[in-house]
Amino acid sequence: MKPKIVVFTGAGVSAESGLKTFRDMGGLWHEHRLEDVASPEGWRRDPATVLRFYNERRLGVLAASPNAAHAAIARLEDKFEVTIVTQNIDDLHERAGSTRVLHVHGEILKARSSADESRIYPMRGPLIELGDLCELGSQLRPDVVWFGENVRFLREAAQHFAEADKVLAIGTSLTVWPAAGLVDYAPAAAERVFVSPDLQDVPDDYRFLRGTAVETVPGLVEQWLAQA
Ligand code: APR
């Protein structure tokens, strides 16, 4: 039995791949009102604007590459049983080689029926346009969890945290619930590390490792692999 690691990531882990975060300066929520582009109300009001917002982000994800932090996290699987619980909707962890990724806020590279959330489709191309319909005849939407919608894999994710020997949290402001609450499921015996370049609220009993993901995660991973 390999020791278990949970890696909990937010937008910060993809920042050095060129993808914007939400709440840093110049972030997405400084450019857009989240009510307009990431809520069911915004979708009902103006679906074209919502589709355009995610089409732009999807093109950015397709043009981006995993960074050294994503690659280091994937290497952990050599000696650990790794579960990634990510708030991110990009596929950079998967493209770096990680094999178990729980996207609690959905995935931008999948489309979904707006009439039946269980009908999820791989994207045929990079864009979803008005008039792209599911087999029920309803407009397709990004398979992304909007504010006010149900977060996914929460119980399963909490269980992985509760069984973890190590928890590594990277690049999240811990401002969006219930995902943010997952960090508290780590057991007292687990080694807990929190990576961020900014001084911010670090969860109780997490060691604060200050720096960007690319500056800090590869070195920490090499340490853990050498000790395993
Ligand atoms: N390396 C590591 N961390 C970084 C880097 C970097 N290069 N750059 C920024 N950060 C940190 C910031 O300090 C901040 O703590 O990443 C965090 C980004 O916070 P947010 O922009 O709030 O992103 P996130 O925590 O993932 O947001 C959670 O909010 O809008 C919703 O659904 C959306 O999943 C998202 C959720």
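I looked up Asn88 and found it in the loop between β2 and α7 (92-96). Helices here are DSSP runs of H or I, at least four residues, and strands are runs of E, at least two, numbered from the N terminus. The model is predicted: local features need pLDDT of at least 70, side-chain atom pairs count only at pLDDT 80 or more, and totals for chains, interfaces and linings use all residues. Residues are numbered from 1 along each chain as its sequence is written, and side-chain values use heavy atoms, without hydrogens and water.

Is Asn88 buried or exposed? I noted a relative accessible area of 6%, so Asn88 is buried (under 20%; exposed is over 50%, partly exposed in between, 1.4 Å probe, protein chains only). A polar atom of its side chain lies 2.9 Å from the backbone oxygen of Gly10.

Next I checked the aromatic rings. I counted seven aromatic pairs (ring centres of Phe, Tyr and Trp, its six-membered ring, within 6.5 Å; planes under 30 degrees apart are stacked, over 60 edge-to-face, the rest tilted). Trp43 and Trp146 make a tilted pair, 5.6 Å centre to centre with 40° between the planes. Trp43 is in helix α4 (residues 40-45) and Trp146 in the loop between β6 (140-144) and α8, 103 residues apart. I found both Trp43 and Trp146 buried. One aromatic cluster includes these two, along with Phe22 and Tyr54 among others.

Last, I looked at helix α8 (residues 154-162). Its buried residues are Ala157, Ala158, His160 and Phe161. They lie on the same side of α8 because they cover an arc of only 160° around the axis (directions from the helix axis to the C-beta atoms).

Conventions:
Polar contact = N/O pair within 3.5 Å; in protein donor to acceptor, adjacent residues only side chain to side chain.
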